[in-house]
Amino acid sequence: MNLARGEPRWAVTFTVLLALIAQVIPLPDWLSVVRPAFVALVILYWSIYAPHAGGIFAPWLAGLALDVFKGEVLAQNALAIALIAYITMSLHQRLRNQTLVQQSLFVFLMLMVNEVVVWGIEGWSGDPSSTPWRWIQPMIGAMLWPFIALLVGRTHTRT
Amino acid sequence: MAVFGSATNRSFGGRGPSFGFRFFCYAILSVVLMFYDRRGQEQGRGWLDTARYGLQAAIYPLQLAVNSPSAAWRWLDESFTTRETLRAEVDALRERLRVQQLITLRQAALEKENATLRGLNALLPNIIEKRLVGEVVNVELTELRQRLLVNRGGTHGVFKAQPVITGDGVLGQVFRMGPFSSEIILITDAEHAVPVQVVRSGVRTFALGTGHSTSLELPFVPHNYDVKVGDLLVTSGLDDVFPFGLPVARVTKVARDPAQPLAQIHAVPLAGIESDREVLFIWQRKDHPAAVASPEALAVEAAPPVKKP
């Protein structure tokens with residue numbers, strides 16, 4: 001971890017906390033089925049626009065918090081979110097030049113990877129927390145991406 | 001997409017190791033955590049349980065924050081309750097108290113009679129030695145998980161697999177806990193089973209959760225066993241968790257299809273799983289005849305009979 005100046009660390013912490021709350025707040029069944037992976041979306045944003053603010057550590061920690069929150073096998077979300085953050089950070093310069101709508105295709109892919117990793121780990125550990133509806137969530141997440149990116153973008157000045 | 005190892009992947013000068021290397025470290029750490037967490041669940045307590053205990057404390061404020069909108073709503077709702085509603089509630093509670101008093105009046109006599117029948121000199125004390133009221137902080141009632149988060153944890157003496165009840169019946173048991181909070185797995189959770197006994201006929205079986213908060217199923221009852229609609233099910237005390245005699249559910253449906261090897265029986269839990277805001281953690285008297293059998297006693301019973309030559 002470095003302490004470089006000008007990195008929007010507080011914005012990262014704040015938005016990730018909000019995303020965590022949004023992801024675990026109790027909702028009626030039909031709504032929680034279509035609830036997108038907010039934490040992953042916010043992490044994707046920071047991975048593209050400020051990859052050095054949180055590094056890999058922030059995504060991993062956010063994923064771990066999600067695991068503890070949901071009472072799932074420790075580190076399953078942590079691994080999945082760290083993975084998509086890593087892929088996104090590797091490509092962040094290319095992604096920055098795209099429009100938000102173009103980015104949402106990539107976001108869809110990343111959310112899909114996230115789901116597949118979590119699904120795989122759940123299969124291995126035998127935790128039956130899976131419905132076919134989960135495969136809808138990346139789609140909804142990708143559709144929400146432009147809005148979330150604009151919202152999160154207001155918390156810092158882009159460099 | 002073949003840029004993973006290229007210059008874009010390398011971090012800028014003086015910024016520490018590359019993302020690739022760091023990700024690799026975290027991935028290894030994750031796999032190790034998952035492995036030990038899974039193994040800890042299978043083998044009982046592990047060091048990761050301790051870590052989780054700490055983590056639960058760390059996220060508890062967040063859990064409270066998540067619950068705050070509904071808590072605020074409930075507070076508002078209660079603040080603006082009219083006088084009439086409150087009066088009606090007080091009347092209902094008085095009526096209920098009167099009924100309960102009648103029952104307890106008889107109970108003293110019954111307990112004495114029971115003790116005489118058992119040949120005991122002294123009256124047996126109540127099996128529930130100590131109780132603790134907890135407030136529900138968060139509710140998760142989905143088909144896959146039926147869980148409650150309650151604001152009592154390790155610092156209040158709560159322990160793993162502790163029975164949790166309401167005034168009406170068995171609610172569930174402690175599944176996981178932190179210092180200030182605990183997660184209750186409800187009897188209606190699809191992964192939960194509670195050994196029960198039919199009060200009327202003494203038939204013993206299991207009540208399994210279905211994932212719906214108003215339904216339990218009893219899938220292991222042969223056709224010829226005596227179970228009827230309306231039967232009261234109480235805990236049988238044959239597990240290590242629940243003491244004997246706590247009300248669990250009432251049978252709502254009995255279907256005996258000759259094509260099936262077993263009867264299909266459904267029951268509705270007595271504890272108001274969707275409505276209760278307060279729950280009771282209970283501690284049972286270890287030396288009480290109705291307490292759960294100690295492992296040693298069970299081992300003696302389970303031991304195969306000695307073969308005679």
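**Entry 1: the interface.** I began with contact, which means heavy atoms within 4.5 Å. By that rule, 46 residues of chain A are in contact with 39 residues of chain B. Before going on I noted the ground rules: this is a predicted model, local features need pLDDT of at least 70, side-chain atom pairs count only at pLDDT 80 or more, and totals for chains, interfaces and linings use all residues. Residues are numbered from 1 along each chain as its sequence is written, chains are lettered from A and ligands numbered from 1 in the order in which they are written, and side-chain values use heavy atoms, with hydrogens and water left out.

Next I looked up the buried area, the accessible area (1.4 Å probe) that two parts lose on being put together, summed over both. Chain A and chain B bury about 4000 Å² between them, and 70% of that lies on carbon and sulfur atoms.

How many salt bridges are there between chain A and chain B? I counted a side-chain nitrogen of Lys or Arg within 4 Å of a carboxyl oxygen of Asp or Glu, and the count is 0.

Then I asked which elements give two or more residues to the side of chain A that touches chain B. Helices here are DSSP runs (H or I, at least four residues), strands are E runs of at least two, and both are numbered from the N terminus. The list for chain A is helix 1 (9–24), helix 4 (51–54), helix 5 (57–70), helix 6 (76–90), helix 7 (92–96) and helix 8 (100–125). Helix 6 of chain A gives the most, with 8 residues.

**Entry 2: the cores.** A nonpolar core is a set of buried Ala, Val, Leu, Ile, Met, Phe, Trp, Tyr and Cys residues joined through side-chain atoms within 4.5 Å. Buried means under 20% relative accessible area, exposed over 50%, and partly exposed in between (1.4 Å probe, protein chains only). The largest core has 62 residues, and A:Val39, A:Trp46, A:Ile56 and A:Trp145 touch the most other members. Both chains supply this core: among the elements giving at least two residues are helix 9 (137–153) of chain A and helix 2 (47–79) of chain B. Helix 3 of chain A gives the most, with 10 residues.

Leaving aside neighbours within four places in sequence, A:Trp46 is in contact with residues including A:Pro8, A:Val12, A:Pro51 and A:His156. Apart from this core lies another, of 40 residues, with B:Leu132 and B:Ile187 among them.

**Entry 3: chain B.** I found 4 helices and 12 strands in chain B. Of its 309 residues, 37% count as buried. B:Ile128 is in strand 1 (residues 128–141) of chain B. Is B:Ile128 buried or partly exposed? B:Ile128 counts as partly exposed, because its relative accessibility is 25%. Beyond four places in sequence, B:Ile128 is in contact with B:Ile282 and B:Trp283.

**Entry 4: two positive phi values.** Most residues other than glycine have a negative phi. A:Ala75 has a positive phi of about 80 degrees and sits in the loop between helix 5 and helix 6 of chain A. A:Ala75 is buried, with a relative accessible area of 0%. B:Ala161 has a positive phi of about 65 degrees, in the loop between strand 2 (146–150) and strand 3 (163–165) of chain B. B:Ala161 counts as partly exposed, at 27% relative accessibility.
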